Amino acid sequence: MIADAIKQAQSLARKAQEETYDGRCTVVEHRKVKDPDTKITAEIDVTVFEDIPCRLSYSSVSAVDQTDTAAKTAQVTKLFLSPDVAIKPGAKITVIQSGITRDYEASGVPAVYPTHQEIVLKLSERYA
């Protein structure tokens, strides 16, 4: 009985979380693929998910590095999305949110919860 109440609460919390998703993402993984004709294995980028509802969240870490002239700060970017989407560490993720498209690299293992998952992202080097 209590377990059912917990599951119901988690279901409602997940629905509320997903209502905040105002972005869409595409996930690309680097995989080894063997050509059936040549039998040569090549590493290519493969799109594994497209148009997945998501939300980006930003936070700043203050005074990461103090120099004589200024204190540098760093921004932490987190991606929130459904726990049903299995994203491997190191995947490339393109997010469209608020009319802005940015490319990121997944920098770690997703933290998966019953209501959502969180992935800390690193802005792709070509944009940094």
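Trainee: Which residues does Leu79 touch, not counting residues up to four places away in sequence?

Mentor: Keep in mind that this is a predicted model. Leu79 touches Cys54, Arg55, Leu56, Ile93, Val95, Gln117, Glu118, Ile119 and Leu121. Leu79 itself is found in strand S3, residues 71-81. Leu79 and Ser57 are 22 residues apart in sequence, yet 6.5 Å apart in space, C-alpha to C-alpha.

Trainee: Is Leu79 buried or exposed?

Mentor: Start with the general idea. In soluble globular proteins, nonpolar side chains tend to be buried together. Now the case: Leu79 counts as buried because its relative accessible area is 0%.

Trainee: How many residues has the largest nonpolar core, and which have the most contacts inside it?

Mentor: The core has 16 residues. Those with the most contacts inside it are Leu79, Leu81, Ile87, Ile93, Val95 and Leu121. At least two residues each come from S1 (23-34), S2 (41-66), S3, S4 (92-97), S5 (100-106) and S7 (117-123). S2 gives the largest share, 3 residues. Take Leu121 as a second example. Its contacts include Leu56, Thr77, Leu79 and Ile93, and also Tyr104.

Trainee: Which residues of S4 are on the covered face, and which on the uncovered one?

Mentor: In a regular strand the side chains alternate between the two faces of the sheet. In S4, Ile93, Val95 and Gln97 make up the covered face. Lys92, Thr94 and Ile96 make up the uncovered one.

Trainee: In what sense do S1 and S4 pair, and over how many bridges?

Mentor: Look for bridge partners and direction. S1 and S4 pair in the antiparallel sense, over 6 bridges. Val28 has Lys92 as its bridge partner in S4. S4 and S5 also run antiparallel, joined by 6 bridges. There, Gln97 stands opposite Ile100 in S5. The hairpin of S4 and S5 has 2 residues between the strands, and Ser98 takes a positive phi near 55°.

Trainee: How many disulfides does the count come to?

Mentor: Check the sulfur distance against the cut-off, within 2.5 Å. The count comes to 0 disulfides. Cys25 is in no disulfide, and its nearest cysteine sulfur, that of Cys54, is 4.0 Å away.

Note on methods
Residues numbered from 1 in each chain as written. Predicted model: local features only at pLDDT ≥ 70, side-chain atom pairs only at ≥ 80, totals over all residues. Heavy atoms only, no water. Helix = DSSP H or I, 4+ residues; strand = E, 2+ residues; numbered from the N terminus. Buried < 20%, exposed > 50% of the residue type's maximum accessible area, 1.4 Å probe, protein only. Contact = heavy atoms within 4.5 Å. Core = buried A, V, L, I, M, F, W, Y, C linked by side-chain atoms within 4.5 Å. Pairing = 2+ DSSP bridges.
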